[in-house]
Amino acid sequence: MITPINFENSIIILFAVTMFYVAMSSRMEAYVKMLAAQGALLFAVSLHSISPSDYITFSFIIFETLVLKTIVIPLYLMKIIRQNEIQREAKPSIPNLYSLMIVSAITAVGFVFAYWLAGTHQPVNPLFFGGAISVILSALFIIMTRKKLITHIIAFIFLENGIFLLSLSVAQEMPFIVNLGVMLDIFAWVLLAGIFVKMIQSSFTGQNIDALKGLRD
Amino acid sequence: MTSWVIPFLLIAPLALALTIMSIKPMRRLHIYITLLYSVLHLAASIYLMNFHENFSLYFKVDDLNPVFLLVLSVVFIAVSVYSISFFAHNDEKNHVERSWKYHVFLLLFVASLDGILLSSHIGMLWVFLEASTLFSAMLVYYYTGKSALEATWKYIFICSIGISFAFIGIILLSIGCIGGSGGEIELFWGSLNHNAKLINPFWLKMAFPFLLLGFGTKKGLAPMQNWLPDAYAESPAPAAAIISATLVNAAFLGVLRVHKVMLMAGLGFYSTTLLIIMGFMSLLIPAVYILQSRNYKRMLAYSSVEHMGIVAIGTSIGGAGLFAALLHMIGHSLVKSAFFLNSGNIFCLFRSKKIKEVTGLLKVSPANAWLWVASFVGICAFPPFVTFISELLIIKELLGKSIILTILFCVLLTAIIYGIARNVISMISGDPQHAESRQDAGLPATGYIPQIVLMGMAVWLGLYIPSFLLDLLNNAVKFMGE
């Protein structure tokens, strides 16, 4: 029988593992599906982390994770990808196999660090902390090694998901931190996706970072 | 004491922005509304400077923020006056029909800066920092061309990463506040300062680099400075002036507030070391890139990175160094905003931002040439500008700490001065080569007065610092040490 605590642990491990799939895949649709998967996993974690008695925050978070992160954002990105026929991340800076190895190492270091912290009696849930740190660092790695602008946006949303998980670790004591995390999501969504994907789409064909080299000394 | 002035600063720009949106075709009125509000902003700043008030728990005037508010007001007025000239001159790239957007986002940007400066809670400061990115991005995107789009994209993406880092820092700090020895500590600056020793030092040390990187991104500190040259070069001159002179200051206030918590927690050595490292990196990068600069607005952007580095180094020294850093921040804001406004005139005359296409400025427009030279003298910290006094003070204080760092500081500054001087001299001397430069732009007086006043103030402060400003600076330094 799966106990609630084991269920939560399994979800967080799955959340971190999604980055492995991102690291070894070049397909845009796979990235977006992982984004939706992370949204659903965060929804499941939120159900356990946020007290339903605070029903405003609770419903806000549920809307954020289930509606926005799991459905609306992935659907919108999928639409952009299909409209622009961007199928693959062409020529990443390093081969996918190496990316997978590095993301695996990042994840291992993240969890080892988190468990070391917990061992020194620091007030952290090692799985929450380790999962969040792994996803944040892996997302930064993806941003640095991929060239498509749309991949950068997706990786930034991965980064936000990691931060959101980190904010859930202090949700009981400081619920406003979670609200700030939601604000970060809204901010990024308005700026990065809402405005600029449309603009970049019209001016930078193929949406490759190489196109952004007009301004230099 | 609860004030109506703070809500006025936060809400009035929103109301005025809505007003401008409802009268889109009345372009002249947009300018007057912004100008009127800038004067009211200065009056509000002076009021708050004299009567330290608060609004709810989240907004407060203490001993640190009045000087920042005052600088914002002065630069805002100068930019508002210059906007009259900006929208009047015959520039095909100046989309006059979009003037309402410029004024709306300028007002909202100033409101977001007021929010940053007056926030008494780290979370609130972060929210307004987000808002400032949103509104300033729309100013950077003013010209809407491919270059503007590229610059705005870089600006938004890098700043978003920076803002995310700052948020990670806030979460780590909150873990330290939960797990400290004093029970749960609230994230108000006052509470953080008062209970700094009770915050778990491990988490405070973890949080500081993220907060420094996050706020440092907006401040333009290396290694997160990449957005600056593109954003400054592509935004319209008055927008570049206000962003370069005020946004970086607002982010600097965030750095100062976090640094104070570190000092209060007895972790001053840690934060000081990181500030020194980022400060010197911010001198090294412009020293390399300014020599290769082909665009005069990008050159000014690298100069901003340099000055933020100087301010970070002064802050890390503390005491008289911090006094000098704050004085330098004022001097930089005055001179850099004048420099950027003047770059708008040069663009109007030559229709180019390329240094090699701007020659013979002295023959084309002696007034602009002398303003350009004066701005150069001020930004390179030559006497009688206030930047000379502040840099001299920082060098003196740095000499007391480390002779090697002082030598490195002076060498890097010399390289930067050489780079700027070479470009400025090539721009003002020789004969005008660019065909369009022969056309007289016929700039109105409002295209010159703001720069003259700003530089006049920088010279005045270099010769005599009035007692009210001296009090403001001393109170700020005392506040940091309390």
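**Exercise 1.** Determine whether B:Asp62 is buried or exposed in this predicted model, and find which side chain B:Asp62 meets in a salt bridge.

*Solution.* Begin with accessibility: the relative accessible area of B:Asp62 is 13%, and because buried means under 20%, B:Asp62 counts as buried. Next, look for the partner: the side chain of B:Asp62 meets that of B:Arg257 in a salt bridge, with a distance of 2.9 Å from N to O. B:Asp62 belongs to the loop between strand 2 (59-60) and helix 3 (66-88) of chain B, whereas B:Arg257 sits in helix 10 (residues 237-264), so the pair ties together parts that are 195 residues apart in sequence. Finally, B:Arg257 is itself buried, at 4% relative accessibility.

**Exercise 2.** Work out which helices of chain B are joined by the salt bridge between B:Asp230 and B:Lys154, and which network includes these residues.

*Solution.* The closest N and O atoms of B:Asp230 and B:Lys154 are 3.1 Å apart. Since B:Asp230 lies in helix 9 (residues 227-234) and B:Lys154 in helix 6 (residues 146-178), the pair ties together parts of chain B that are 76 residues apart in sequence. B:Asp230 is buried at 4% relative accessibility, and B:Lys154 is buried at 17%.

**Exercise 3.** Locate the residues of the salt bridge between B:Glu234 and B:Lys353.

*Solution.* In this salt bridge the closest N and O atoms are 3.6 Å apart. B:Glu234 is in helix 9 of chain B, and B:Lys353 is in the loop between helix 13 (320-350) and helix 14 (361-364), 119 residues apart. Both B:Glu234 and B:Lys353 are buried.

Conventions:
Residues are numbered from 1 along each chain as its sequence is written. Chains are lettered from A and ligands numbered from 1 in the order in which they are written. This is a predicted model: local features need pLDDT of at least 70, side-chain atom pairs count only at pLDDT 80 or more; totals for chains, interfaces and linings use all residues. Side-chain values use heavy atoms; hydrogens and water are left out. A salt bridge is a side-chain nitrogen of Lys or Arg within 4 Å of a carboxyl oxygen of Asp or Glu. Helices (H or I, at least four residues) and strands (E, at least two) are DSSP runs, numbered from the N terminus. Buried means under 20% relative accessible area, exposed over 50%, partly exposed in between (1.4 Å probe, protein chains only).
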